[in-house]
Amino acid sequence: MLRVSNLTKYYKKTLAVDSLSFDVRDGEIVGLLGPNGAGKTTVLRCVTGIVQPTDGVIEVEGVNLSTNEEDAKRRIAFVPEVPTPYEMLTVYEHLRFIAMAYQTMDSFEERAETLMHRFDLYDKRGDLVLSLSKGMKQKLAIACAFVHDAHVVLLDEPLIGIDPRGVHELKEMITSAKQEGKSILISTHMLDTAERLCDRIIILRKGAIVAEGNLAELHERARMGTDASLEDVFLTLTEESPTNLLAPQ
Ligand SMILES: Nc1ncnc2c1ncn2[C@@H]1O[C@H](COP(=O)(O)OP(=O)(O)O)[C@@H](O)[C@H]1O
Ligand SMILES: [Mg+2]
């Protein structure tokens with residue numbers, strides 16, 4: 001399980017995340033939604049330890065990220081919004097490098113082969129990463145995240161830029177990770193996907209939670225009927241002065 005408590009992040013004077021608290025339980029897929037600049041990427045970067053929070057506590061399966069960084073990081077897999085892979089390694093070498101870094105070499109060959117087949121990288125396994133298209137680099141980043149057996153999986157807009165088969169495979173990977181009891185936190189703009197894939201949705205605006213819950217709860221929060229789509233709910237909850245949010249729940 002992942003626990004984020006009172007996470008705050010300032011970039012100089014810009015408040016990107018404002019005292020945010022939430023959990024992602026074992027076997028749960030949580031969607032992080034919100035307009036551009038809402039703070040989704042910052043939250044994910046803080047949880048992975050790439051960005052230093054200004055304040056707050058992050059615990060990965062009970063391990064505190066700031067006091068026990070290496071142990072906490074080993075439990076996390078991350079698919080970044082913009083992958084920056086090592087271009088001078090081949091696809092196979094890259095997967096191997098990541099698995100070695102995470103010290104998970106048990107049955108690596110099988111896992112790597114399966115992942116390369118799933119994400120159409122098998123024919124490219126001997127090619128340098130720099131020769132891959134943008135979408136293929138994205139798929140490699142996904143394969144790298146799943147090549148080590150992390151219990152907490154974080155994905156930042158992973159469905160952008162990959163082809164329909166890649167999207168299908170990734171959704172299957174996410175669903176089976178859930179079945180294995182992993183905690184999955186995914187930021188996405190694809191509301192229909194969020195609607196179908198996520199157990200719970202957190203809607204952020206200006207670094208704070210404006211609503212949280214399953215679809216039924218979000219409908220209630222937005223004071224909309226059950227025939228409203230997540231898009232309607234999202235637009236209502238993220239508008240500038242949503243009067244409906246000012247009333248008590
Ligand atoms: N490296 C950075 N330096 C300065 N400001 C940043 C940086 N990264 C993000 N921000 C700012 O923090 C806020 C949240 O951004 P971000 O986390 O990228 O949001 P999202 O992923 O929801 O679009 C925005 O105001 C953005 O301009
Ligand atoms: Mg982002």
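**A strand residue and its surroundings**

Tutor: S19 lies in strand 2, where helices (H or I, at least four residues) and strands (E, at least two) are DSSP runs numbered from the N terminus. The model is a predicted one, in which local features need pLDDT of at least 70 and side-chain atom pairs count only at pLDDT 80 or more, while totals for chains, interfaces and linings use all residues. Residues are numbered from 1 along each chain as its sequence is written, and chains are lettered from A and ligands numbered from 1 in the order in which they are written.

Although S19 is not a glycine, its phi is positive, at about 45°. Most residues other than glycine have a negative phi. S19 counts as partly exposed because it has 14 C-beta neighbours inside 10 Å; a residue is buried if 20 or more other C-beta atoms lie within 10 Å of its own, exposed if 12 or fewer, and partly exposed in between, with C-beta atoms placed from the backbone.

Q103 lies in the loop between helix 3 and helix 4, just after helix 3. Q103 counts as exposed because it has 9 C-beta neighbours inside 10 Å.

In helix 3 itself, V91, H94, L95, I98 and A99 are buried. Seen down the axis, these buried residues fall within an arc of 130°, so they line one face of helix 3; the arc is that of the directions from the helix axis to the C-beta atoms. M100 and A101, on the other side of helix 3, are exposed. The buried residues of helix 3 pack against helix 4 and helix 5.

Helix 5 (residues 134-147) is largely enclosed by the rest of the structure, because 12 of its 14 residues are buried. What covers them includes strand 6 (76-79), helix 3 (91-101), helix 4 (108-118), strand 7 (152-156) and helix 6 (164-179).

The domain assignment, which is automatic or comes from a database, gives domain 1 (2-75 + 150-246) and domain 2 (83-149). Their centres, taken over C-alpha atoms, are separated by 25 Å. In all, 11 residues of domain 1 are in contact with 12 residues of domain 2, contact meaning that the C-beta atoms, placed from the backbone, lie within 7 Å. Helix 6 gives the most to the side of domain 1 that touches domain 2, with four residues.

Note on methods. Contact = placed C-beta atoms within 7 Å.
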